[in-house]
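The tour goes stop by stop, with something to select each time.

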Amino acid sequence: YFDIVSPYTALSWCVLQRYKDKWKIPIVLKPFFLGGVMKETGNKPPAMTIPARAKNMFGDLKRNYSLFGIPILDLPANFFTEVARKILMLQRTIAAAQATGMSQEQVEKIVSAFTIAVHVDPSMRDEKNNLKTIDSDFVMVCLRAAGIKFEDAKSLTGMAVSKTAKNIILQNTSEAIQRGAYGSPSFWVEGGKAPFSKPFYVFGSDRFEQIAHILGIEWAGVNPDGDRVLPSKL
């Protein structure tokens with residue numbers, strides 16, 4: 001369960017891309033609305049709780065960007081404004097892609113493109129580090145960068161505002177909350193070794209070692225091959 005808006009989700013996304021071929025386990029992508037999760041659970045963004053926690057979060061992110069080997073930019077200056085809610089359009093576009101039967105590989109390319117646009121590509125920011133307005137043009141640029149044909153990209157952009165896409169996000173959000181989610185990224189893990197064979201919930205970008213241990217799969221750190229995974233521009 002994930003929302004592109006979270007920089008910690010970007011970290012987790014890169015780890016999943018690095019290990020998907022090594023692990024050879026089914027990974028089901030569930031785009032949801034982080035704002036809905038936060039509201040329902042009473043959670044708040046770290047930077048909006050106490051000053052000391054906010055200060056630590058910014059330092060923590062920078063250290064993690066280095067550790068994970070990802071060229072993520074500082075949070076946009078307009079991050080805690082309406083721009084965060086408009087990222088919901090990206091979530092619905094991912095849901096639309098899944099609803100149309102796009103392959104997992106294609107959907108992953110779309111997620112990567114959105115992640116780059118929101119967190120990595122400096123050309124998607126203005127001179128004051130504000131993230132550009134997220135609208136149909138923003139989405140089209142990302143979809144085309146993901147290799148989606150123009151007509152298909154145009155269709156997906158239109159479908160993102162459909163009831164189908166909205167319902168998928170609502171269902172995923174509700175399901176995530178029922179399973180214990182309170183933030184993004186969230187994982188519902190199945191197939192663990194005894195005594196952890198019962199499916200369980202995990203939160204955060206720093207629990208992959210635990211997940212790998214429980215599932216009995218390879219773990220060699222967040223960046224085992226020293227690759228960047230995400231380019232610095234779309």
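Is P76 buried or exposed? Select P76: at 6% relative accessibility, P76 counts as buried. Buried means under 20% relative accessible area, exposed means over 50%, and partly exposed lies in between, with a 1.4 Å probe and protein chains only. P76 sits in the loop between α3 (51–68) and α4 (82–86).

Some ground rules before the next stop. This is a predicted model, where local features need pLDDT of at least 70 and side-chain atom pairs count only at pLDDT 80 or more, while totals for chains, interfaces and linings use all residues. Residues are numbered from 1 along each chain as its sequence is written, and side-chain values use heavy atoms, with hydrogens and water left out. Helices (H or I, at least four residues) and strands (E, at least two) are DSSP runs, numbered from the N terminus.

**Helix α1**

Select residues 7–23. This is α1, with 17 residues. From first C-alpha to last it reaches 24 Å, close to the 24 Å expected at 1.5 Å a residue. The expected span is 1.5 Å times one less than the number of residues.

Look along α1 to Q17, where the helix bends by about 30 degrees. The bend is the angle between axes fitted to the seven residues ending at a residue and the seven starting there.

Show the surroundings of α1. Of its 17 residues, 14 are buried, so α1 is largely enclosed by the rest of the structure.

A side-chain oxygen of S6 comes to within 3.2 Å of the backbone nitrogen of Y8. A polar contact is a pair of N or O atoms within 3.5 Å; within protein, one must be able to donate a hydrogen and the other to accept it, and residues adjacent in sequence count only if both atoms are side-chain atoms.

Most residues other than glycine have a negative phi, and most peptide bonds are trans. Select K24, which follows α1. K24 is not a glycine, yet its phi is positive, about 55 degrees. K24 lies in the loop between α1 and α2 (34–41). With a relative accessible area of 69%, K24 is exposed.

Jump to V229, in the segment after α10 (208–215). V229 has a positive phi of about 65 degrees and is not a glycine. At 33% relative accessibility, V229 counts as partly exposed.

**Cis peptide bonds**

Select S184 and P185. A cis peptide bond joins them, with omega about 10 degrees. P185 is in the loop between α9 (163–178) and β1 (186–189).

Move on to A194 and P195. The bond joining A194 and P195 is also cis; omega is about 5 degrees. P195 belongs to the loop between β1 and β2 (200–203).

**A helix crossing**

Colour α5 (residues 88–99) and α7 (residues 136–145). Their axes come within 10 Å and cross at roughly 50 degrees. That makes α5 oblique to α7. Angles under 35 degrees count as roughly parallel, over 145 as roughly antiparallel, 65 to 115 as roughly perpendicular, and the rest as oblique.

**Last stop: E151**

Select E151, in helix α8 (residues 150–159). At 55% relative accessibility, E151 counts as exposed.

Conventions
Axes are lines fitted to C-alpha atoms, for helices over the stretch in contact, and angles run from 0 to 180 degrees between N-to-C directions.
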